Amino acid sequence: MTVTITVREQSQTDTGFNVDLVIDGKKYPATASDPFTSKQEKELEWYFESWLRFPTLENIKADRAKASVREYGEDLFQQVFADSDAYAKYKQLINDNSVEITIAIESITPEFHAIHWEALQDPKFPRPLAIESVLVRKSVEPVVIEAQVKPSPTINLLVVTARPNGANDVGYRTISRPLVEAIRNAKLPVKIDILRPGTYEALSRHLDDQGKGYYHIVHFDVHGALKSYKNFQEGAEHDRYLYEGRYGRGKVEAYEGLKAFLALEGKETGEYDLVEAEEMADLLTGKGIPVCILNACQSGKQLNQTEEEDNRETSLGSRLMNAGMQMV
């Protein structure tokens, strides 16, 4: 039997959010806020995004950041399960071996996803709940269009691998090879197509050729980044980023704050074609594709409310969901 425990955003406050914790249909009002200061968040960002490049350096700082993940998760758990009746119900379910638990995080604003819900951890348990259970993030805001796929005897999967730096980039098959092998070994009814080359033009033309509703999933194995317009301009001036002549799109107009991009291949080795979140969402939902898998740096990163930049544009995952993707 599967039981869903839902943490549902109700409204924003000066310090965080009012939420409803819903267990087996019963609501328990609670509050939730980022347990960490801006300085602690920056250390987490450094640990997950930078330290692994040079894992022999600054080990004391890295150990502190690693340990802080548990502190974060326990603090968040105690906020959400503050009601003793809610905790008692949760404990009853967690101790029942016949029950499989799904944790659903339901938002009405992108800022709610700035909280690291995957760290949620019962202080009495050795591991975060996301390891023992399925954790799903959802937006409850109405979507513009819902993707509709055609009936098919197989799940049709398109793998898009882009390496703008060619031989000096991550290996082309680093992600795709184990993915393909896992599907074959499991004997799943999945038909895999791999896009070549990894350009926006090739992707757009290929989806046109296959027709609307053919693919169920598009898997992006690409670079991703949050960039200010100044960052984008600097890259364009050094011929690293396509600025004009972007296939099927106009030039990138000036914008405030940060935007999320996927990096596809440009015309030459070393040239990046940065595809903005809404541009990609428009392409995929226009082709009736319901599911997008992202292997891309920062594609799920959502800046929190204390950041100075406009944070509503920063999560590629959120933008794709808001534009009509059923799952990211």
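A salt bridge is a side-chain nitrogen of Lys or Arg within 4 Å of a carboxyl oxygen of Asp or Glu. This is a predicted model, in which local features need pLDDT of at least 70 and side-chain atom pairs count only at pLDDT 80 or more, while totals for chains, interfaces and linings use all residues. Residues are numbered from 1 along each chain as its sequence is written, and side-chain values use heavy atoms, with hydrogens and water left out.

Select Arg127 and Glu132 to begin. Their salt bridge brings the closest N and O atoms to 2.5 Å apart. Arg127 is partly exposed, at a relative accessible area of 40% (buried means under 20%, exposed over 50%, partly exposed in between; 1.4 Å probe, protein chains only).

Proceed to Asp208 and Lys287, another salt bridge, whose closest N and O atoms are 2.2 Å apart. This pair links distant parts of the chain: Asp208 lies in helix 6, and Lys287, 79 residues apart from it, in the loop between helix 8 (277–286) and strand 12 (291–295). Helices (H or I, at least four residues) and strands (E, at least two) are DSSP runs, numbered from the N terminus.

Next, select Arg249 and Glu279, which meet in a salt bridge of 3.9 Å, N to O. Arg249 counts as buried, at 12% relative accessibility, and Glu279 likewise counts as buried, at 19%. Salt bridges with shared partners join Arg246, Arg249, Asp273 and Glu279 into one network.

Finally, display strand 9 (residues 223–228), where 5 of the 6 residues are buried. Strand 9 runs antiparallel to strand 10 (residues 258–265), and 6 bridges join them. Select Leu226 to find its bridge partner in strand 10, Ala260.

Terms used. Pairing = 2+ DSSP bridges.
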